[in-house]
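The notes after the structure are grouped by topic.

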Amino acid sequence: MTMLRFHQESIFARHLAILLIVSISAVVGQTSISSQSNSSIYEKLAKASKKDAARRNPLAADPDAVAAGGKLFALHCAECHGETADGGKKAPSLRVDEVQQATPGTLFWLLTNGVVRRGMPVWSKLPEPQRWQLVSFIKSLTPQPPPNATDAQTPHP
Ligand code: HEC
């Protein structure tokens, strides 16, 4: 009789343990999904060191840098960020404040390191001048019009 009770208790304990594991993994699963939510897009831009953020774009005064960067963008980036850099199916807009207010050094650092965990590739294989051209191009973009703008056809000043 005592044996039977002991046996039942151990089955109960095992069920409890399984239940616990199942509910813990459900919670863990949920957190990993919510960590991919929109709130943390662009978060990595804040992670550049002061030294990286302070780097100047050596091509800032180069009149051809923006056009060259635009070509590189069409070649490497548009498939994810959209032809006009205002966001595509795979990647967010680069016309938002978070990106436009980042320093050139920060953007260069981001291109060099990517946000691989979240689907933004590393671009260190592109020569440094090409990465700076891309920075020049991104910085040349006009800010995104608000989603309810009705004058989408009107060119920006
Ligand atoms: C395979 C798709 C893909 C390609 C190609 C790609 N990106 Fe991205 N990019 C992403 C994703 C996804 C994010 C959002 C990452 C995140 O959640 O922070 C991103 C984010 C960014 C950001 C914002 C930084 C941030 O923290 O989110 C910049 C700037 C950027 N990309 C520039 C570029 C440039 C320039 C190129 C071309 C050289 C490029 N990307 C090519 C997918 C891509």
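**Loop residues and backbone**

A85 sits in the loop between α4 and α5. This is a predicted model, in which local features need pLDDT of at least 70 and side-chain atom pairs count only at pLDDT 80 or more, while totals for chains, interfaces and linings use all residues. Residues are numbered from 1 along each chain as its sequence is written. Helices (H or I, at least four residues) and strands (E, at least two) are DSSP runs, numbered from the N terminus.

- The phi of A85 is near 65°, a positive value in a residue other than glycine.
- Most residues other than glycine have a negative phi.
- A85 counts as buried because it has 22 C-beta neighbours inside 10 Å. A residue is buried if 20 or more other C-beta atoms lie within 10 Å of its own, exposed if 12 or fewer, and partly exposed in between, with C-beta atoms placed from the backbone.
- P92 lies in the loop between α4 (78-81) and α5 (97-100).
- P92 is partly exposed, since 19 other C-beta atoms are within 10 Å.
- Leaving aside neighbours within four places in sequence, P92 is in contact with I41 and G87. Contact between two residues requires their C-beta atoms, placed from the backbone, to lie within 7 Å.
- P92 and H81 are 11 residues apart along the chain, and their C-alpha atoms are separated by 6.0 Å.

*Other loops*

- Y42 is in the loop between α1 (2-34) and α2.
- Y42 is not a glycine, yet has a positive phi of about 70°.
- Y42 is partly exposed because 18 other C-beta atoms are within 10 Å.
- S49 also belongs to the loop between α1 and α2.
- S49 is exposed, as 11 other C-beta atoms are within 10 Å.
- S49 and W109 are 60 residues apart in sequence, and their C-alpha atoms are 9.0 Å apart in space.
- P127 is placed in the loop between α6 and α7.
- With 9 C-beta neighbours inside 10 Å, P127 is classed as exposed.
- The C-alpha atoms of P127 and T112 are separated by 10.0 Å, with the two residues 15 apart along the chain.

*Chain overview*

- The protein chain contains seven helices and zero strands.
- Of the 157 residues in the protein chain, 18% are buried.
- Counting contacts between residues at least 6 apart in sequence, 69% join residues at least 24 apart.

*Core and α6*

- The largest nonpolar core has 20 residues, and L107, F108, L134, V135 and I138 have the most contacts inside it. The elements giving two or more residues to this core are α3 (65-76), α6 (104-113) and α7 (128-140).
- A nonpolar core is a set of buried Ala, Val, Leu, Ile, Met, Phe, Trp, Tyr and Cys residues joined through C-beta atoms within 7 Å.
- I138 is in contact with L94, V99 and L107, leaving aside its neighbours within four places in sequence.
- α6 is mostly covered, with seven of its 10 residues buried.
- The buried residues in α6 are P104, T106, L107, F108, W109, L110 and L111.
- These buried residues of α6 pack against α2 (50-54) and α7.

*Packing of α3 and α7*

- The axes of α3 and α7 come within 7 Å and cross at roughly 100°. α3 is therefore roughly perpendicular to α7. The contact involves A65, V66, A68, G69, G70, L72 and F73 of α3 and Q130, W132, Q133, L134, S136, F137 and S140 of α7. By class, the residues of this contact are eight nonpolar, six polar and no charged.
- Axes are lines fitted to C-alpha atoms, for helices over the stretch in contact, and angles run from 0 to 180 degrees between N-to-C directions.
- Angles under 35 degrees count as roughly parallel, over 145 as roughly antiparallel, 65 to 115 as roughly perpendicular and the rest as oblique.
- Ala, Val, Leu, Ile, Met, Phe, Trp, Tyr, Cys and Pro count as nonpolar, Asp, Glu, Lys and Arg as charged, and the others, Gly among them, as polar.
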